[in-house]
Amino acid sequence: MNSQAAQTTTNADESVIRAFHRQMIDAWNRGSGEGFAAPFSETADFITFEGTHLKGQKEIAAFHQQAFDTVLKGTRLEAEVNFVRFVNSQLALMLLVIRVILPGQTETSPSRDSLPLYVVTKGDEGWQIEGLLNTRKLTLERQFFLDDFDSLSAEAQRQVTDLVSGLKQRHQAAQSN
């Protein structure tokens, strides 16, 4: 950060930016798409972990509400801020580490860990999220497995999927006993 930005940004600015993640996680854990999208500007860009591009606060809220009501129902998040870096007095980047707890579980699911990068701007209405790029945290070992899986024929992929499903069922049955 240059000296001018250092002089014009404050600990309060950083606190406001860091609070966005807590607000969003609390809204996620309540299943509120509107609350989740509240820190975003009306024109924000949000790129989800699988590449969907959401444009604007309303679209971000609607997308997340639908997910909270269906595929994400009952999930909970844990997160921590990795860093906040001021580019200048009106632009900051924030990187988080997010962990997901699936419904009925008490521990996070490492395959769902993500590293969202926030672009935060300060305007007339104060600090707002202008952009978010969400990406999954992926080990090289897991990537190599996915590469191998993708190289298989559709039939072989189905067999691997069936094998994993069977192993999961046996594991769950063994834990129940």
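Start by selecting E14 and R18: their side chains meet in a salt bridge, 2.8 Å from N to O (a salt bridge being a side-chain nitrogen of Lys or Arg within 4 Å of a carboxyl oxygen of Asp or Glu). Before going on, note that this is a predicted model, where local features need pLDDT of at least 70 and side-chain atom pairs count only at pLDDT 80 or more, while totals for chains, interfaces and linings use all residues. Residues are numbered from 1 along each chain as its sequence is written, and side-chain values use heavy atoms, with hydrogens and water left out.

Both E14 and R18 sit in helix α2, 4 residues apart, about one turn of the helix. (Helices are DSSP runs of H or I, at least four residues, and strands are runs of E, at least two, numbered from the N terminus.) E14 is partly exposed at 23% relative accessible area, and R18 is too, at 31%; buried means under 20%, exposed over 50%, and partly exposed in between, with a 1.4 Å probe and protein chains only.

Stay on α2 and pick R22 and D26. They form another salt bridge, with the closest N and O atoms 3.1 Å apart, and here again the pair is 4 residues apart, about one helical turn.

Now jump to E80 and R99, a salt bridge with its closest N and O atoms 3.1 Å apart. This pair links distant parts of the chain: E80 is in strand β3 and R99 in strand β4, 19 residues apart.

Time to go inside. The largest nonpolar core has 33 residues, and I17, F36, F40, I60, M94 and Y118 have the most contacts within it (a nonpolar core is a set of buried Ala, Val, Leu, Ile, Met, Phe, Trp, Tyr and Cys residues joined through side-chain atoms within 4.5 Å). Helix α2 gives the largest share of this core, 6 residues. Zoom in on F36: leaving out residues up to four places away in sequence, it touches M24, A27, W28, F46, I60, H64 and F68, where contact means heavy atoms within 4.5 Å.

Finish at the loop between α5 (140–151) and α6 (154–176), where L152 sits. L152 is partly exposed at 34% and touches Q157 and V160, again not counting residues up to four places away in sequence.
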